[in-house]
Amino acid sequence: MKYQSQKVALAYFVCAMALFGIQVLGGLLAGWIYVSPNFLSELLPFNIIRMIHTNALIVWLLLGFFGAAYFLVPEESERELYSVKLAYLQLIILMVGTLGAVGSYLVGIHGGREFLEQPLWVKFGILVAALIFLFNISMTVLAGKKTAITNVLLMGLWLLSLLWIFAFINPDNLSLDKMYWWFVVHLWVEATWELVMAAILAFLLLKLTGVDREIVEKWLYVIVATALFSGILGTGHHFYWIGLPGYWQWVGSIFSTFEVIPFFLMMSFAFVMVWKGRKNHPNKAALLWSLGSSTVAFFGAGVWGFLHTLHGVNFYSHGTQITAAHGHLSFYGAYVALNLAVFTYAMPMLRGREPYNQVLNMASFWLMTGGMAFMTFVLTFAGTIQTHMQRVVGDYYMEVQDSLSIFYLMRFGAGLAVVIGALLFIYSILVVRKDEIIAPGPANPVPGE
């Protein structure tokens, strides 16, 4: 770690991991309610559990992004952060807002819009925190060295924050409401977050592989161009059935198919950089998470997204468990695994130690990734059966749900594996071993050899 102000990232990462634990436990509880629908129905209704699960996911991922920015920007800009105090103030606002939102959900106070249920004061708090972040990070970059990584990261984070304004717009017309809603939900995860992902992945691979910066930057600009080209008009695949003009069925279908390209490029980029790499970096776990993130993102966001993005298919599959399969695998690969890669890479430096607990860390990767892959397959099969029974044959919704109970039980088992993997990851990051148990490579030779 070259700059003292990078230590701000430690607080962000710890808070993010705490919310990560809450998020996966909430998801496991929601998964059990699919198996036993009346479980905690009076004390903690399913819709509240789902809000906590999805909101915790979004907040901890954002905390991870903010922390990653505070960690990498000083190193890329070759100067200290503009203001460490502002960074901590931003974190306090975000955590107070998060706790306030959860408390309001538990007593039945929420906005009702999926993913945007936060009370108005929480939304304003998030906006203030975002503005503090943008000011702090932009002043740091403007006063220091400019690189492709910081340029792309700033573009993604600025667009991410500006799109949050649509969370405040809630028109009476339902079609307009859903359109603005998708401006936040889709253009975050399939446009601006992709820029953030590409920038962070480029930074990690630059450090872990030792490939020339020029090569990394060329790949980065190509990935960004394809992400924006496909992601913005690809929003149309959410406009099929909400009352917007029919031409969106064609625009959405065509540009959504292109959304596979940036994820394929990111996967190719990661493996090519490792292949070209000249450095045998001692942090093998961070490299595994980086490669795993780009690979799972390609399958979850790219392949599983493509499976039901064409309007002729989506007419039948929309809102079924196929959507849940795509959502879980894509979020895990593109953003969860990426944040865990950053935590794995940065935490040893932030805590002044060598990479540690790598075997446990890598075991958590395979446990979480295996569990999420199995969950995706289970939900895909369940969604295919659901589509046929409900949308083709015309069976009643609840009768179909009863027929899918075996799949929900298997999904719960997969979720249990993910939760165990997540807790193992948090343990491996926060609990330090005295001796490293990963075999050293040529870049870190055994003494006396």
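At 22% relative accessibility, Phe115 counts as partly exposed, a label for anything between buried (under 20% relative accessible area) and exposed (over 50%), using a 1.4 Å probe and protein chains only. Phe115 sits in the loop between α3 (84-106) and α4 (120-143), and its phi is near 70°, a positive value in a residue other than glycine. This is a predicted model, where local features need pLDDT of at least 70, side-chain atom pairs count only at pLDDT 80 or more, and totals for chains, interfaces and linings use all residues. Residues are numbered from 1 along each chain as its sequence is written, and side-chain values use heavy atoms, with hydrogens and water left out.

**The overall build**

- The protein chain comes to 15 helices and zero strands; helices (H or I, at least four residues) and strands (E, at least two) are DSSP runs, numbered from the N terminus.
- A compact globule of 449 residues would have a radius of gyration near 22 Å, and the protein chain agrees because it has 22 Å. That radius is taken over C-alpha atoms, and the globule rule is 2.2 Å times the number of residues to the power 0.38.
- Along its principal axes, the C-alpha trace spans about 70 × 45 × 45 Å.
- Of the 449 residues in the protein chain, 56% are buried.
- Take the contacts in the protein chain with a separation of 6 or more: residues 24 or more positions apart account for 85% of them. Contact here means heavy atoms within 4.5 Å.

**Surface and charge**

- The protein chain exposes about 18900 Å², with carbon and sulfur atoms supplying 70% of it. Accessible areas come from the Shrake-Rupley method with a 1.4 Å probe, and for residues only the protein chains shown count as cover.
- There are 23 positive and 22 negative side chains, and the centres of the two sets lie 10 Å apart. Lys and Arg count as positive, Asp and Glu as negative, while His and the chain ends are not counted. Each charge is placed at NZ of Lys, CZ of Arg, CG of Asp or CD of Glu.

- The mean pLDDT of the protein chain is 92, and 96% of its residues reach 70 or more; pLDDT is the predictor's confidence in each residue, from 0 to 100.
- Over residues 443-449, though, the pLDDT is below 50, and beyond near neighbours in sequence this stretch has three contacts in the model.
- Where pLDDT is low, the predicted coordinates should not be read in detail.

- His326 lies in helix α12 (residues 321-350) and is buried, with a relative accessible area of 18%.
- Leaving aside neighbours within four places in sequence, His326 is in contact with Gly300, Ala301, Trp304, Gly305 and His308.
- Thr380 is 54 residues away from His326 along the chain, and their C-alpha atoms are separated by 8.3 Å.
- Thr344 is in helix α12 too, and at 4% relative accessibility Thr344 counts as buried.
- Once neighbours within four places in sequence are set aside, the contacts of Thr344 include Asn283, Trp289, Asn361 and Phe425.
- Thr344 and Ala199 are 145 residues apart along the chain, with 17 Å between their C-alpha atoms.

**Loop residues to look up**

- Leu40 is found in the loop between α1 (8-35) and α2 (46-77). Its phi is near 60°, a positive value in a residue other than glycine, and Leu40 is partly exposed at a relative accessible area of 29%.
- Gly108 is in the loop between α3 and α4, and is partly exposed with a relative accessible area of 49%.
- From Gly108 to Leu350, the gap is 242 residues in sequence and 39 Å in space, C-alpha to C-alpha.
- Gly243 lies in the loop between α7 (213-234) and α8 (247-258), and is exposed, with a relative accessible area of 63%.
- The C-alpha atoms of Gly243 and Leu176 are separated by 8.7 Å, although the two residues are 67 residues apart along the chain.
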